[in-house]
Amino acid sequence: MSYDTYLDPEGEFCVKYPVGWQVLTHGVPGVLFTPRGEDPREGASAVFTRMLGVTGRVIPARQDLEHHLEAMRRRYPDLRIVSFSVEPMPQESERAFVEATWTNLRREPMQAVLLGRYLHSRVANFTMKQWRVFQAQQVAWRSLEPVFMAMARSYTPLPRNRAPSEADTAPCR
């Protein structure tokens with residue numbers, strides 16, 4: 001499979017994605033990749049968010065994810081959590097992993113994996129989070145899993161607070 005490189009217009013990250021896949025940024029706090037012709041909400045897709053901030057309070061990863069999963073359960077009542085883990089990391093941060101299955105609105109069994117990173121500051125009273133979410137119909141999951149893994153491995157955060165330079169994006173080329 002051949003890959004193109006996506007550079008976040010805000011200079012936060014770059015990631016490789018399969019040639020020919022659609023790149024959607026409207027309504028997404030980052031970028032969504034999906035095979036051409038696929039419904040990104042009900043079919044195969046990969047989402048990479050920018051670092052999203054919640055000011056005024058510290059929200060533990062488990063609490064935040066449970067809130068989002070409950071909202072998803074309202075849309076898909078058969079949502080089943082296969083695996084859910086939150087691990088503490090250095091400097092008041094957490095790493096999250098969620099694997100889930102459900103039936104989409106077209107009655108197709110679905111599977112998804114969420115990789116999350118949460119950064120907290122009790123002093124400044126805020127939480128920052130960044131997600132990578134991969135989903136597909138279960139019948140296609142095995143064939144797309146290597147693609148999703150390659151995309152996840154290619155994700156490269158870029159230096160903040162300045163425009164990206166050629167040297168910054170070299171790992172994504």
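Colleague: Taking exposed as over 50% relative accessible area, buried as under 20% and partly exposed as in between (1.4 Å probe, protein chains only), which residues are exposed on the other side of α1?

Modeller: His 67 and Arg 74 are exposed there. This is a predicted model, in which local features need pLDDT of at least 70, side-chain atom pairs count only at pLDDT 80 or more, and totals for chains, interfaces and linings use all residues. Residues are numbered from 1 along each chain as its sequence is written, and side-chain values use heavy atoms, with hydrogens and water left out.

Colleague: And which residues of α1 are buried?

Modeller: Ala 61, Asp 64, Leu 65 and Leu 69 are buried in α1. Seen down the helix axis, the buried residues fall within an arc of 130° (taken from the directions from the axis to the C-beta atoms), so they line one face of α1. An α-helix has 3.6 residues a turn, so residues three or four places apart point the same way.

Colleague: What do the buried residues of α1 pack against?

Modeller: They pack against β7 (80–89), β8 (93–103), β9 (109–121) and β10. Helices (H or I, at least four residues) and strands (E, at least two) are DSSP runs, numbered from the N terminus.

Colleague: How far apart are the end C-alpha atoms of α1?

Modeller: They are 22 Å apart, which agrees with the 21 Å that the 15 residues of α1 (residues 61–75) should span at 1.5 Å a residue. The expected span is 1.5 Å times one less than the number of residues.

Colleague: Back to Asp 64. With which side chain does it make a polar contact?

Modeller: With that of Lys 129, at 2.9 Å. A polar contact is a pair of N or O atoms within 3.5 Å; within protein, one must be able to donate a hydrogen and the other to accept it, and residues adjacent in sequence count only if both atoms are side-chain atoms. Lys 129 lies in strand β10 (residues 126–137) and is buried, with a relative accessible area of 12%. Leaving aside neighbours within four places in sequence, the residues in contact with Lys 129 (heavy atoms within 4.5 Å) include Arg 50, Leu 52, His 68 and Tyr 118.

Colleague: New topic: how many aromatic pairs are there in the whole structure?

Modeller: The search finds ten. One of them is Phe 13 with Tyr 155, which is tilted, at 5.4 Å centre to centre and 35° between the planes. Phe 13 lies in strand β2 (residues 13–18) and Tyr 155 in the loop between α2 (138–154) and β11 (156–157), so this pair ties together parts that are 142 residues apart in sequence. Both Phe 13 and Tyr 155 are buried.

Colleague: What about Tyr 17 and Phe 33: how far apart are their ring centres?

Modeller: Their centres are 4.8 Å apart and their planes lie at 20°, so the pair is stacked. Tyr 17 is in strand β2 and Phe 33 in strand β4 (residues 30–34), so the pair ties together parts that are 16 residues apart in sequence. Rings of Phe, Tyr and Trp (its six-membered ring) pair if their centres lie within 6.5 Å; planes under 30 degrees apart count as stacked, over 60 as edge-to-face and the rest as tilted. Tyr 17 has a relative accessible area of 11% and is buried; Phe 33 is also buried, at 0%.

Colleague: Which residues form one aromatic cluster?

Modeller: Tyr 6, Phe 13, Tyr 17, Phe 33, Phe 48, Phe 134, Trp 141, Phe 148 and Tyr 155 form one cluster.

Colleague: And which residue lies over the face of Tyr 155?

Modeller: Arg 132, at 4.6 Å from the ring centre. A charge sits over a ring if NZ of Lys or CZ of Arg is within 6 Å of the ring centre and within 35 degrees of the ring normal.

Colleague: Thr 49 next. What does its side chain reach?

Modeller: The side chain of Thr 49 reaches the backbone nitrogen of Trp 131 at 2.8 Å. Thr 49 is in strand β5 (residues 45–49) and counts as buried at 6% relative accessibility. Not counting residues up to four places away in sequence, Thr 49 touches Phe 13, Pro 29, Gly 30, Gln 130 and Trp 131.

Colleague: Last one: what is the phi of Gln 91?

Modeller: Gln 91 has a positive phi of about 60°, although it is not a glycine. Most residues other than glycine have a negative phi. Gln 91 is in the loop between β7 and β8 and is exposed, at 76% relative accessible area. Arg 107, in the loop between β8 and β9, also has a positive phi, near 70°, and is exposed at 72%.
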